[in-house]
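Here are some exercises to work through with the sequence and the 3D view side by side. Try each task yourself before reading the solution below it.

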Amino acid sequence: MHDIKERLSLLWLFALLNYLYADVIALWYIIGSRNFHVHLPPLVLMGSAVLMEIPIAMILACRLLPFRANRLANIIAGGVITLVNGFLTFVPPLAGWGRPPAFPEYLFFATIETVCTSVIIWQAWTWSGVEADVSTERSVRQPEAGIISS
């Protein structure tokens, strides 16, 4: 995997799958505890939807955006997701604001997610224009496997 765009896209996919499975575990916890009276306000659900859409959109954005926009989008999206994830996972239990569902599992997933988004930020931060040019040249010079160029 020589292309940084491919690497970033794969890291976002990895992070997204961890976010989704952590939510599945939380739902199992809620259902298992028969705590069906949990009602989240529409604003909270909308906020969750927006937060989940960021990694989903970044999977495509990594592949489609040009170098400068791609680099900036990964740094900003990675930073936002890392901060929100860190805050929501670690601050409430430490501040005594209650216990999130399935906390040990959430802590496990949150650690993996935070490391992953930190790697995304680092990869984007250290991504140089020279690497972007080489990657573009490589994709122009080498046709896809199995495709005969004319």
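**Exercise 1.** Decide whether Q123 is buried or exposed in this predicted model, and list what Q123 touches beyond its sequence neighbours.

*Solution.* 
- Step 1: Find Q123 in helix α4.
- Step 2: Compare its relative accessibility with the cut-off. Q123 has 19%, and buried means under 20%, so Q123 counts as buried.
- Step 3: Look at its partners. Setting aside residues up to four places away in sequence, Q123 touches I4, R7, L8 and L11.

**Exercise 2.** Describe helix α4: what is its length, which of its residues are buried, and what covers them?

*Solution.* 
- Step 1: Count and span. α4 has 24 residues and reaches 34 Å from first C-alpha to last, close to the 34 Å expected at 1.5 Å a residue.
- Step 2: Pick out the buried positions. These are F109, A110, E113, C116, T117, I120, Q123 and A124.
- Step 3: Recall a rule about helices. An α-helix has 3.6 residues a turn, so residues three or four places apart point the same way.
- Step 4: Ask what lies over the buried residues of α4. The cover includes α1 and α3.

**Exercise 3.** Which residues touch the most other members of the largest nonpolar core, and which elements supply the core?

*Solution.* 
- Step 1: Start with a general idea. In soluble globular proteins, nonpolar side chains tend to be buried together.
- Step 2: Examine the core here. It has 17 residues, and L8, W12, Y19, M58, C62, C116 and I120 touch the most other members.
- Step 3: Trace them to elements. Two or more residues come from each of α1, α2 (42-64), α3 (67-95) and α4 (103-126). α1 gives the most, with seven residues.
- Step 4: Check the cysteines. C62 is buried at 0% relative accessibility. The count of disulfides comes to zero.

**Exercise 4.** Explain how P55 is placed in relation to its surroundings.

*Solution.* 
- Step 1: P55 sits in helix α2, and its relative accessible area is 0%, so P55 is buried.
- Step 2: Beyond residues up to four places away in sequence, P55 touches W12, L16, Y19 and I81.
- Step 3: P55 and W12 are 43 residues apart in sequence but 5.7 Å apart in space, C-alpha to C-alpha.
- Step 4: Turn to Y19. Its contacts, apart from neighbours within four places, are M52, P55, I81, N85, E113 and T117.

**Exercise 5.** Where is the kink in α3, and what do the buried residues of α3 pack against?

*Solution.* 
- Step 1: α3 has 29 residues and reaches 40 Å, close to the 42 Å expected at 1.5 Å a residue.
- Step 2: The kink is about 30° and is centred on F87.
- Step 3: Buried residues of α3 include N70, I81, N85 and P92. The buried residues of α3 pack against α1, α2 and α4.
- Step 4: Just after α3, G96 takes a positive phi of about 75°.

Technical notes. Residues numbered from 1 in each chain as written. Predicted model: local features only at pLDDT ≥ 70, side-chain atom pairs only at ≥ 80, totals over all residues. Heavy atoms only, no water. Disulfide = S-S within 2.5 Å. Buried < 20%, exposed > 50% of the residue type's maximum accessible area, 1.4 Å probe, protein only. Core = buried A, V, L, I, M, F, W, Y, C linked by side-chain atoms within 4.5 Å. Helix = DSSP H or I, 4+ residues; strand = E, 2+ residues; numbered from the N terminus. Contact = heavy atoms within 4.5 Å. Expected span 1.5 Å × (residues − 1). Bend = angle between axes of the 7 residues up to and from the residue.
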